[in-house]
Amino acid sequence: MKSFFYLANFAIRGLMRRKIKNISIFVLFGLIVFLFSGIDMMMNALHVQALKALEVQPDIIVQNLKAGRQLPIPMKDAEKVKKIIGVSKVVPRVWGNYFDRYTNANYTVVGVSCDNIHRESARGILSLTRLTHWPLKKREVLIGEGVLKARYLAVGGRLQLERADGSPINFTVAGSFRSEVSLWTHDTIVMTDKDARDLFGMDKAMAWDLAVFVPNPVEVAKVGEKIANVLPGARLIAKQQLVRTYGTSYGFRSGLMITVSLACLLAFLILAYDRAAGLSREEQMEIAILKAIGWETRDVIQMTMLQSLALSLVGFLVGFLLAYVNVFVLGAPVLRIALTGWSVLYPPHPIPPVLDISKVFGLMFLTVIPYISVGIVPVWRSCTIDPEVVFRR
Amino acid sequence: MKYIRIYAAVLGILFLLLGGAFLHAWVKEGIPLNRLRAARSFLPSGDPGMNTSARYIRHLALSYPGSPFPDFPGQSDYLPAGMAWAPPHFPGVRTRIELEAPAFEGNP
């Protein structure tokens, strides 16, 4: 064991003899790990938050389609769906996207039937918002932080929106969402059901879609089949479909960026191999001296591997930690735009962090092991040269 | 043995910082699910701002300027990946057109 520590000490001293070269390799290695781990952390965190939000979504969403385009669904269809065994609740939803021409932003306007919300949920709502009372009254809105900032509003202020015919409706800002839910509510405006219908010009007998709740997850597929029989032509979106779609979507985006970054990793490994293969006169002399004083080839290779491990391990940890700070403390400003897409109203807060130890080791395996491996063959080839030949050069 | 000691100290600090990162992630894990349930009625879409116009790799319930439906016949997808995936399966419900091959009429 003691001899191993002496060998490690000698290996690290060897690194210090060529500071500039080793520092440049350390910086490059750290940069590549920074890129890879930043992408992976960001995607993983976004995926986890999306799945979290999907947990509270209805089990099936029913939409009315005509010629492949979505139209409002009659409320009487909700009664038909309610009668299906297995369905615990059907909520006709009135919601939509509102384009604000003053800020060029899209808001998500949600109409809520306050009577349908239980006391427990009402308490929960009050804890997530800065509301002083619930339910909302007529012409009162609850808005996300993004809307507050975009329209320079404060609680108690006036928000003016326009109907489809251009006529204005004035609302009073009763409260705003807290920042811990801003990822989902940053661009949201919540109002009463009646106000939402007034804003969108939606008839009382219609809704935008139906939220169907099925308590037993095993029954979701069968209930969906029955809904399709009762409402042929309707589009059914199951929560599981969305879970898979998000998995695909996030996987596609991160995979695309990692594939591009893979080219950087390959270039770095080629550089590392080239560095190991093209040993300088000084390095060749060093190996020759070690061989001459009795070191075996495997000792020299062991020393080289220790040098690579020492350099790459520190580079990996520094790169990984910097990526963590960049993504979860600073909010990854550049990476976020590339991975999440463009949006006028996007929450500025960093995403809640998600770290998985298996990913840390996986990334370590992907970067550190190849770097250690590329140096073995060139060093072995140098060791096979007779030391006397090197001395005589 | 000076160098190995310095290296071990640096490595120790870095591993401590890594542990700190795990602790930070555990503390700041975000809103717990049971509290988020209260906002269920306000969240018509679970989409945390993902924006892409590809058909089947975005939230199916979102209406958006870059919607999954073409604006004119023969319009190509904005994002090629939209054509790389077929609509996801929904057990019990037909989401794809399936054509049955006609019965073979000829000598076997």
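# Exercises on a predicted model

Met303(A) counts as buried because 20 C-beta neighbours lie inside 10 Å; a residue is buried with 20 or more other C-beta atoms within 10 Å of its own, exposed with 12 or fewer, and partly exposed in between, the C-beta atoms being placed from the backbone. This is a predicted model, in which local features need pLDDT of at least 70 and side-chain atom pairs count only at pLDDT 80 or more, while totals for chains, interfaces and linings use all residues. Residues are numbered from 1 along each chain as its sequence is written, and chains are lettered from A and ligands numbered from 1 in the order in which they are written.

**Exercise 1.** Determine where Met303(A) lies and which residues it contacts, leaving aside neighbours within four places in sequence.

*Solution.* Step 1: Met303(A) belongs to helix H11 of chain A; helices (H or I, at least four residues) and strands (E, at least two) are DSSP runs, numbered from the N terminus. Step 2: with those neighbours left aside, Met303(A) is in contact with Leu7(A), Phe10(A) and Ala11(A), contact meaning that two C-beta atoms, placed from the backbone, lie within 7 Å.

**Exercise 2.** Check the span of helix H1 of chain A and describe its buried residues.

*Solution.* Step 1: the expected span is 1.5 Å times one less than the number of residues. Step 2: for the 16 residues of H1(A) (residues 2-17) this should give 22 Å, and the end C-alpha atoms are 23 Å apart, which agrees. Step 3: the buried residues of H1(A) are Ala8(A), Ala11(A), Ile12(A) and Leu15(A). Step 4: seen down the helix axis, the buried residues of H1(A) fall within an arc of 95°, so they line one face; the arc is that of the directions from the axis to the C-beta atoms. Step 5: an α-helix has 3.6 residues a turn, so residues three or four places apart point the same way. Step 6: on the other side of H1(A), the exposed residues are Lys2(A), Ser3(A), Tyr6(A), Met16(A) and Arg17(A). Step 7: the partners against which the buried residues of H1(A) pack are helix H2 (19-55) and helix H11 (297-328) of chain A, together with helix H1 (2-27) of chain B.

**Exercise 3.** Describe the overall form of chain A from its radius of gyration.

*Solution.* Step 1: chain A has 15 helices and twelve strands. Step 2: its radius of gyration is 31 Å, well over the 21 Å that the globule rule gives for 393 residues, so chain A is more spread out than a compact globule. The radius is taken over C-alpha atoms, and the rule is 2.2 Å times the number of residues to the power 0.38. Step 3: along the principal axes, the C-alpha atoms of chain A fill a box of roughly 95 × 50 × 40 Å. Step 4: 36% of the 393 residues count as buried.
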